Amino acid sequence: MLTCAEITELVTAYLEKQMPWRRRMAFRMHIGMCRHCRAYLRQMRTTVQTLGHMPAEPIPTDVLDELARRLRSMRLPPRAKQ
Amino acid sequence: MSDEAPDDANLVARLLAGEEQAFVTLIDTYHARLLRLALGFVADRSVAEEVVQDTWAGVMAALPSFERRASLKTWIFRILVNRARTRGVREKRTVPFSALEDPDDAGRQAHAARFDGGGSWLEPPRPWDDETPERLLLRRETMAILRQAIDALPPGQRAVIVLRDIEGVSSEEVCNILDITETNQRVLLHRARVRLRAALEGHLG
């Protein structure tokens, strides 16, 4: 039987599906019976999903436009100067 | 992130042809994200900005030889990480990527203290699990807390969680980009997630 402490250590392996079948069953059994670990697992999932939609801090459009212009001018002219 | 860049091959072709809008798309898609990634490797924002500029120069130089073995995203991230690390070495700020060099004692002790000797919860998770990601993302304060918690992560954990969970790079690619083993990657990812969940709990629970 897995302890609650062990469950929290295994959460990432479980979510990554990097767990042997038997262990996975034991993990699920514990989660089925323990509401605290169930909450922990759910919160971990929410954390990961939230991170997946976190925007980077916005950069002003004029800065981006200027950069795009500079980058374009950096471009090596194709097949030039043979 | 799951919003994939519009068809890599097409974008690369348009960039090579010098199409103006393609450069705007490239910069819009990646610049802010590159800066976020770079900030985990170097001491301050101005250095991170230089690293990103450097990365763009590298991307432009190598673009004609871009092969679609990796996605454009992964390819660009790899260029950034290489430049950032070189820069970090030059500034004698080495970034430990192995979980062994990153014992994360504070995080682990805080976590361990929540259990009794038999491994049962002494201090169970405080309830905030009815919160949905959609709701959390709308709260400015919650996002600020999360950003701070990410900034406070040890460098290895930060690099892994930004690439995996924020940018949605596969574990295989992350190992490749950071040159770490699969086990290492998973340990760092786990520790980072443990810390970030705890930060959200401290704020919401």
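Author: Gladly. Domain bounds come from an automatic or database domain assignment. On that basis chain B is divided into domain 1 (8-90) and domain 2 (99-204), and their C-alpha centres lie 26 Å apart. This is a predicted model, where local features need pLDDT of at least 70, side-chain atom pairs count only at pLDDT 80 or more, and totals for chains, interfaces and linings use all residues. Residues are numbered from 1 along each chain as its sequence is written, with chains lettered from A and ligands numbered from 1 in the order in which they are written.

Reader: Why is α1(A) called oblique to α2(A)?

Author: Helix α1 (residues 4-15) and helix α2 (residues 21-33) of chain A pack at an angle of about 125 degrees, with axes 11 Å apart. Angles under 35 degrees count as roughly parallel, over 145 as roughly antiparallel, 65 to 115 as roughly perpendicular and the rest as oblique. That angle therefore makes α1(A) oblique to α2(A).

Reader: What makes the contact between α1(A) and α2(A)?

Author: A:Ile7, A:Leu10 and A:Tyr14 of α1(A) meet A:Arg24, A:Phe27 and A:His30 of α2(A). Two residues are in contact if their C-beta atoms, placed from the backbone, lie within 7 Å.

Reader: How many residues of chain A are in contact with chain B, and which helix supplies the largest share?

Author: 36 residues of chain A are in contact with 45 residues of chain B. On the chain A side, the largest share, 12 residues, comes from α3(A).

How values were computed
Axes are lines fitted to C-alpha atoms, for helices over the stretch in contact, and angles run from 0 to 180 degrees between N-to-C directions. Helices (H or I, at least four residues) and strands (E, at least two) are DSSP runs, numbered from the N terminus.
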